[in-house]
Amino acid sequence: MDAVLERILAPEPSHANATEALNFTIWNHTPLVLIDEQNPHKPVVLDLFGDNHNSSASSSPAPGRTCDAQGCKVAMRLCSLNGTVCTFRNFTSATQAVMEWYVLQATNIFSQVPRQELVAMSYPGEQLILACLFGAEPCSHRNFTSIFHPDYGNCHIFNWGMTEKALPSSNPGAEFGLKLILDIGQEDYVPFLTSTAGARLLLHEQRSYPFIKEEGIYAMSGTETSIGVLVDRLERKGEPYSRCTKNGSDVPIPNLYSDHNTTYSIQACIHSCFQDHMIRNCSCGHYLYPLPRGEKYCNNQDFPDWAYCYSDLRINVAQRETCINLCKESCNDTQYKMTISMAEWPSEASEDWILHVLSQERDQSTNITLSRKGIVKLNIYFQEFNYRTIEESAANNIVWLLSNLGGQFGFWMGGSVLCLIEFGEIIIDFVWITVIKLVAFSKSLQRRRAQAHYASPPPTVAELVEAHTNFGFQPDVISHSPTTGTYPDEQPVPIPGTPPPNYDSLRLQPLDVVESDNEGDAI
Amino acid sequence: MAPGEKIKAKIKKNLPVTGPQAPTIKELMRWYCLNTNTHGCRRIVVSRGRLRRLLWILFTLTAVALIFWQCALLVISFYTVSVSIKIHFQKLDFPAVTICNINPYKYSAVRDLLADLEQETRGALKTLYGFSEIKSRKRRDAESWSSVWEGTRPKFLNLVPLLAFKEGEMGKARDFLTGRKRKVSGSIIRKESDVMNVHESKEVVGFQLCSNDTSNCAVYTFSSGVNAIQEWYKLHYMNIMAQVSLEKKINMSYSAEELLVTCFFDGVSCDARNFTLFHHPMYGNCYTFNNRQNETILSTSMGGSEYGLQVILHINEEEYNPFLVSSTGAKVIIHRQDEYPFVEDVGTEIETAMATSIGMHLTESFKLSEPYSQCTEDGSDVPVENIYKAAYSLKICLHSCFQTKMVEKCGCAQYSQPLPPAANYCNYQQHPNWMYCYYQLHQAFVREELGCQSVCREACSFKEWTLTTSLAQWPSEVSEKWLLSVLTWDQGLQIKKKLNKTDLAKLLIFYKDLNQRSIMENPANSIEMLLSNFGGQLGLWMSCSIVCIIEIVEVFFIDSLSIIARQQWQKAKQWWAQRQAPPCPEAPPSPQGQDNPVLDIDDDLPTFTSALHLPPAPGTQVPGTPPPKYNTLRLERAFSNQLTDTQVPAEF
């Protein structure tokens, strides 16, 4: 069903007759069309199978066949609501159109196949990995953990550290690294799904999910690819300093990649977020991303609108931005900086025996079954200087803050914390005194009111005079007040602190007492 | 002045130091607590009430403990280093991507211009190395260059002759054109370094460049004939192309539709209209994607190859110039929108029949300018005129500097760089000796004799894309058939024949992830930091503040200066008085003048406050009588006064 499409796009329209016996169900769902834009105001839409099959679109059959690349655009027709609302997704190149269309249909088909069958259909580890050497120790496909990737099928992870401890490699240099020979079996490729041939590999942290489509690199067949690695580790402090998350528990999006028990990463979050949007908008999950509980993958039978919905969502920038804003980076981030170099492998002189040995090892046959186009050699090793940690540390801590505050305060005022306490004390005193004064003032007010009420007897004067006369210290007071300067001279043994306050207090206290007793005028 | 007098008096009074400030330890402590600048102690003594005093003791002790603790922490943190690199995860601007074919012009179009040169090159190859045209290449069959060769006199070889040297007899060279040996004067400059030991016995090929009067010549030799022929060809090629107008050159080069077969960005189709033309002198037509057309910069909000730029390039190997370029492919430069793409210097080469995937990481660096480092913000303060229409960078500055010097010295501009105002490119007709001049200048430039390197400064901020390049075979064997036929259909009219896979290259450029690293320089000490550090130091060593400093300034500068000034003034006055009345009796004036300040002090002492505080009469009357007793008495009295002073406000 794929070859048809190709034949139609390719020059000879006469071949269309030969392909009568095609199943048009997939084609009808989302057809590729040609749009003739020679008249820009009234574009003519041509169905590729227009003359064979009556499609719902306005198919003007005969003249369209003459249209070439200059005038025509290939587009994909995406319809929803039973074909009432349609959009045309334009492509400038037929290649892209074919690839996009094929990928769309492939996801539709694969999503209906159970996972076990897909795993069985993909490359098993023993077929892919022909030879493996880690340092000086031999290893085999049993040292690899298999994981199924919707795009790439079976992927094999070395030293994932899920069940066993991670292997250390402290020595730099190609000798101590991982050496692999892979068989990619180029003859068995699906022609439309991918046009590149090679292996895809990704270096990632232990226990993290490999997002090989986003971050992976190619390794070419027929070459030896050497990858020198430099590990760049970044550790961040977290919340008050930078916006990052330790394990993803504070991100509002459930991590769909957690069934492998992998650690949180921003890619996982963004993909989960997309799948979340997909389920909300299209009510089915996209095949490329893992499925939340109780949801189904999209396919044409159950969800006829999904292709329209998906392509709408995919180019929606607002959706992506909400995802970016929702997701947080993880605080510990490891980057692998790679220096890639390539050389031809196997060399012409060694090609014969290497291929012979490898094919014999693989299927015990004496004739060469492998070809130069199908094998990849990989060397992955640490560079000389192999590990670098960048750690975040707070620029200003509490010690810094305090010392700076102290410095500023001291610089401008010569003050300290004790100064502040002193100030506080004075304020407390001030408040205390005002309270006392206020209380006294209100008391006196009350008394005055009371006086105003009684207002009759003025015997206080006599009493006052009596009280004054009663005290024998009166002459002292008189002599004392005008000549304070000469006062110390009079005292032969001057203990200056004690006597005058005594007198003062004596003088003041009786006065107070007297006045309060006599309901005095003022304090 | 009054304060000066007072201080003088005080100093005079306190100068005879007779021992510690107090007779007993307890008194000394008391005295210290009252007079010290640190506040806690004073509070302890001054406070009334046992609870208060206890609290103050507690506070003071806590403060002392805190100081010790904090200082210890500071000392520890002094020895740690902190690096600040910020990482943002956000939508990133996609950089501008410039794509050039390595071959600048279609050979079929340039051929007419270069016909003579090509013939002579072939002739030279034949005589030097016995190389003749491979007949398998059909398109060059038509030429029978050897016959033409005989007829016309070669002009290029005459102008700059290729020479073959015999090792050992350096003075002589064989001009292969005439076959005769001729003397070569002038210095021989080797392109290869002298340290390298090139083939001993073999012939060395080079060419001779002479200045106007041919008295001053330099000979450039190469260890390999390949280099020699290519350099020689390039010289003449530049000379020829310099005379061609820009429009013609653009027409001779590749159009966007020819170079770019398909284009896909961020899941959406794009085509040649999304690329802007940029003509590079050595690389012909280059096309820049995302070059701020319509004032918008495309951005990526997803990492991964799917969401980046995917281009299939058509590299027509048949149109390649055989002598100018010897490799096949395209060059890609990833740069900022306002940056000039230096195609020849930076740039990743792309192979044909391969998919090249380039993953990017963005790093942004900001440096602090003038007081901290030598960098420049926008190049406006660099005395070199920017002849490129692009943002300043160190490379632009160096190239501009060289080009300006070239115009100054040689009178014409070098071909591979833009033209400064009021200058034109070098060619033989107008500037017969430009090559010699250029080579001389270039050598001076490399040896940093032109001063460009010292004048140019680096830019303060730059964006850098770290690239991870990997290759894969493309198209795969099984997809090759359909892919090529569909691509041919796509190209339609432009290409008559079927595309070959060695004519195509696939390029993927994408952000690996959306993490942006920005490395920023921050001033380690701001002004607040400086002040607070000052404060800290002053407080630490002197318990002193800005008030303290003002005090010091007042006392030691204003007051003492005024005192000195007054003394001088009085001296001058005396001297004047002496001069006025020389016959007067000599004794009275001088003691009077000396006595006067003392008298002043004496006058000053019994002001009412001091009189209240200290009775001067007994002290002066009985100076020799038991001093300790009196001292204590006096001190005690002072305390009592102070105490009463503080008491009064407390009472209120």
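Two strands pair if DSSP finds at least two bridges between them. Strands (E, at least two residues) and helices (H or I, at least four) are DSSP runs, numbered from the N terminus. This is a predicted model, where local features need pLDDT of at least 70, side-chain atom pairs count only at pLDDT 80 or more, and totals for chains, interfaces and linings use all residues. Residues are numbered from 1 along each chain as its sequence is written, chains are lettered from A and ligands numbered from 1 in the order in which they are written, and side-chain values use heavy atoms, with hydrogens and water left out.

**Exercise 1. A sheet in chain B**

Task: Find the strand order of the five-stranded open sheet in chain B, then follow one pair of strands.

Solution: 
- Step 1. The order is 12-13-3-16-17, and the pairing is antiparallel.
- Step 2. Look at the edges. Strand 12 (275-280) and strand 17 (348-350) of chain B each have a single partner strand, so one side of each lacks a neighbour in the sheet.
- Step 3. From one strand to the next, the twist averages 30° (axes are lines fitted to C-alpha atoms, for helices over the stretch in contact; angles run from 0 to 180 degrees between N-to-C directions).
- Step 4. Take strand 3 (residues 96-101) and strand 16 (residues 330-335) of chain B. Six bridges link them in the antiparallel sense.
- Step 5. Pick one residue. B:Val97 has B:Ile334, in strand 16 of chain B, as its bridge partner.

**Exercise 2. The second largest cavity**

Task: Describe the second largest cavity and say what lines it.

Solution: 
- Step 1. On a 1 Å grid over the protein atoms alone, a cavity is a set of points where a 1.4 Å probe fits but cannot get out; lining residues have an atom within 4 Å of a point.
- Step 2. The structure has seven cavities of 30 Å³ or more.
- Step 3. Read the lining. Chain A gives A:Glu214, A:Ile266, A:Gln267, A:Ile270 and A:His271. Chain B gives B:Phe89, B:Met302, B:Gly303, B:Asp513 and B:Leu514.
- Step 4. Assign elements. Helix 7 (266-282) of chain A and strand 20 (504-520) of chain B each give two or more residues to this lining. Helix 7 of chain A has the largest share, four residues.
- Step 5. Sort by type. Five lining residues are nonpolar, three polar and two charged (Ala, Val, Leu, Ile, Met, Phe, Trp, Tyr, Cys and Pro count as nonpolar; Asp, Glu, Lys and Arg as charged; the others, Gly among them, as polar).

**Exercise 3. Backbone exceptions**

Task: Locate the cis peptide bonds at A:Pro346 and B:Pro475, and the positive phi at A:Ser283.

Solution: 
- Step 1. Recall the background: most residues other than glycine have a negative phi, and most peptide bonds are trans.
- Step 2. A:Trp345 and A:Pro346 are joined by a cis bond, with omega about -5°. A:Pro346 sits in the loop between strand 15 (332-344) and helix 10 (348-363) of chain A.
- Step 3. B:Trp474 and B:Pro475 are also joined in cis, with omega about -5°. B:Pro475 sits in the loop between strand 19 (461-473) and helix 14 (480-491) of chain B.
- Step 4. A:Ser283 is not a glycine, yet its phi is about 60°. Its loop runs between helix 7 and helix 8 (306-314) of chain A.

**Exercise 4. Confidence**

Solution: 
- Step 1. pLDDT is the predictor's confidence in each residue, from 0 to 100.
- Step 2. Chain B has a mean pLDDT of 73, and 66% of its residues reach 70 or more.
- Step 3. For the complex, the predictor gives an ipTM of 0.72 and a pTM of 0.71.

Technical notes:
On a 1 Å grid over the protein atoms alone, a cavity is a set of points where a 1.4 Å probe fits but cannot get out, and a pocket is an open set with protein on both sides within 12 Å along at least five of seven lines; lining residues have an atom within 4 Å of a point. Grid points are joined across faces, edges and corners, and a volume is the space filled by probe spheres set on the points.
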